Amino acid sequence: METLIEILEDIQPGIDYETCTDLIDAHHLDSLSIISLVAEIEDEFDITVPAVEIIPSNFNSAEAMWKMIKRLEEED
């Protein structure tokens, strides 16, 4: 999870990713940030994030992203 937080801070600094649960809903992350984030997640965790997984509920919090990453790692 620490690596994910570092990726998020590189893409959009100044947000408390440990507690924020509305990254998409509150417009902390925009579409370009999400594209960058997906690319970084895929590289760092050696997974593929299918288009069907790129939904607000998977990206509204670091916790939700972490759960998605772990699930996708298990599916590989």
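The protein chain of this predicted model contains four helices and zero strands, where helices (H or I, at least four residues) and strands (E, at least two) are DSSP runs numbered from the N terminus. From the N terminus on, its elements follow the order α-α-α-α.

The overall dimensions of the protein chain are as follows.

| Property | Value |
|---|---|
| Box filled by the C-alpha atoms, along the principal axes | roughly 30 × 25 × 20 Å |
| Accessible surface (Shrake-Rupley method, 1.4 Å probe) | about 4600 Å² |

Carbon and sulfur atoms hold 48% of that accessible surface. The radius of gyration of the protein chain is 11 Å, which agrees with the value near 11 Å for a compact globule of 76 residues; this radius is taken over C-alpha atoms, and the globule rule is 2.2 Å times the number of residues to the power 0.38.

Of the 76 residues, 39% count as buried, that is, under 20% relative accessible area with a 1.4 Å probe. The largest nonpolar core has 24 residues, such a core being a set of buried Ala, Val, Leu, Ile, Met, Phe, Trp, Tyr and Cys residues joined through side-chain atoms within 4.5 Å. Helices H1 (2–11), H2 (31–45) and H4 (62–75) each give two or more residues to this core, and H4 supplies the largest share, six residues. Leu29, Leu37, Ile41 and Phe59 have the most contacts inside the core. Leu29 touches, among others, Leu8, Tyr17, Leu37, Phe59 and Met65, contact meaning heavy atoms within 4.5 Å.

Residues are numbered from 1 along each chain as its sequence is written. Local features need pLDDT of at least 70, side-chain atom pairs count only at pLDDT 80 or more, and totals for chains, interfaces and linings use all residues, while side-chain values use heavy atoms, with hydrogens and water left out.

Notes
Buried means under 20% relative accessible area, exposed over 50%, partly exposed in between (1.4 Å probe, protein chains only). Lists of a residue's contacts leave out its neighbours within four places in sequence.
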